[in-house]
Amino acid sequence: MIFLDRFRNYCLEIVREMDSRFTHSIPTLRCSNGKSENERKNGDEERISKYSFVSPLCMSGGDGYNSYSTNSLLQRRVLSKAKPVLVKNTKELMINLNFPTYIKVADLGCSSGQNTFLAMSEIINTINVLCQQRNQNPPEIDCCLNDLPNNDFNTTFKFIKFFNEKNITSKESYFVSGVPGSFYSRLFPRGSLHFVHSSYGLHWLSKVPEGLEKSKMSVYITNSSPLSTYKAYLNQFERDFATFLKLRSEEMVSNGRMVLTFIGRNTIDNPLHRDCCHFWTLLSKSLRDLVVEGLVSASKVDSFYIPFYDPNEKEIKEMVQKEGSFEIRDLETHGYDLRHCNQDESKRSKSGQNEANYIRAVSEPLLVAHFGDAIINILFNKFACHVSQHASCKNKTTVSIVVSLTKKKLSSCPKV
């Protein structure tokens, strides 16, 4: 027995030694944010356990009736309104960079479907037309489509053929690739990006703010929220947007351009004010209906928050100036009419269902992660009814905010 015990201990020592050598001989896997795989997993697990509904943030995939691809006409109209700013900044970029032979363009928060290609084709066509007008050789263009890993990239890439055949006026060299990852982390090599576009992505936060008071079954800021709720959301948006600007400044060339479009608000005096027909207000009402009917517990609704913030112009200006890497070139606001975003004038009687489809397409994965999928159809039937009841609301405070930014030149330091 003594011999067997000694032999077993000897074998264990050999195994420990081999394990130690094996572990130290393999380089630690690093992620784009510089943290080890274990560090990243531990951090992710901590965040997910606290806010489990942020992890699955993505738009509804596929191309079915409830998909984002089918219910994103509003975003297409937003892209159309932002087109003049996009075209203007694309031209200025090419001229300021003296018509480079290679351009790297990124659409951050590309989501699922064809909308991202509408923005990319606008940039490519603008570059090609300008090069023809100035008698310049068109550059090779690298089109990088970014979104979170859970995004349905497959549905997006199915539209590449449509992109090639219908939207590109010239058959010059351009290349399309997918870049999965959070735009609140590093995504590209330093000094590699020339142009960044993001539409309706940056109002999504990296996580739900910490320190929120009991929500009283409201998923977002309302007129009756404590001021601390607004401050918590604003602070989280400030941290996220500052991180976004800092990381993009590292990845972009000097004089690189960004065109960013947010869901915003045009209220300044009362930061808590949201219209009675605000989409998250109506979602809160619909969830409360399910509580009354005994389909969802009040505590379950109380613990659900949307990781979203709708800034105003003043807040965006102050944050850009405070972070300091970029200079604002353009800043515009556009009207926002969600009630009729998915219908022709003759079909306004379906406004409730159309808006419900839109909100479902952008929020269903979050809702399913927290509540399960059994209530989703009932929830959005309630939502459609609430929209119809508030269809006459004309006091719209929600707007789209379009801002274009130029990366500042690095000041040269004197040699010592």
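This is a predicted model: local features need pLDDT of at least 70, side-chain atom pairs count only at pLDDT 80 or more; totals for chains, interfaces and linings use all residues.
Biologist: Which helix does threonine 156 lie in?

Modeller: Threonine 156 is part of helix α5, which covers residues 153-157.

Biologist: And what does threonine 156 touch, not counting residues up to four places away in sequence?

Modeller: Its contacts are Ser111, Ser112, Gly113, Thr116, Phe117 and Leu145. With glycine 113 there is also a polar pair: a polar atom of the threonine 156 side chain lies 3.2 Å from the backbone nitrogen of glycine 113.

Biologist: Nice! Switching to α10 now. Which of its residues are buried?

Modeller: Helix α10 runs over residues 313-323, and its buried residues are Glu315, Ile316, Met319 and Val320. Looking down the axis of α10, these buried residues fall within an arc of 125°, so they line one face of the helix.

Biologist: Why would residues three or four places apart point the same way?

Modeller: An α-helix has 3.6 residues a turn, so residues with that spacing point the same way.

Biologist: Which exposed residues are on the face turned away from the buried side?

Modeller: That face of α10 carries Gln321 and Lys322.

Biologist: Last one: what happens at the start of α10, and what follows the helix?

Modeller: At the start, a side-chain oxygen of asparagine 312 comes to within 3.2 Å of the backbone nitrogen of lysine 314. After α10 comes glycine 324, with a positive phi near 90°.

Conventions. Residues are numbered from 1 along each chain as its sequence is written. Side-chain values use heavy atoms; hydrogens and water are left out. Buried means under 20% relative accessible area, exposed over 50%, partly exposed in between (1.4 Å probe, protein chains only). Helices (H or I, at least four residues) and strands (E, at least two) are DSSP runs, numbered from the N terminus. The arc is that of the directions from the helix axis to the C-beta atoms. A polar contact is a pair of N or O atoms within 3.5 Å; within protein, one must be able to donate a hydrogen and the other to accept it, and residues adjacent in sequence count only if both atoms are side-chain atoms. Contact means heavy atoms within 4.5 Å.
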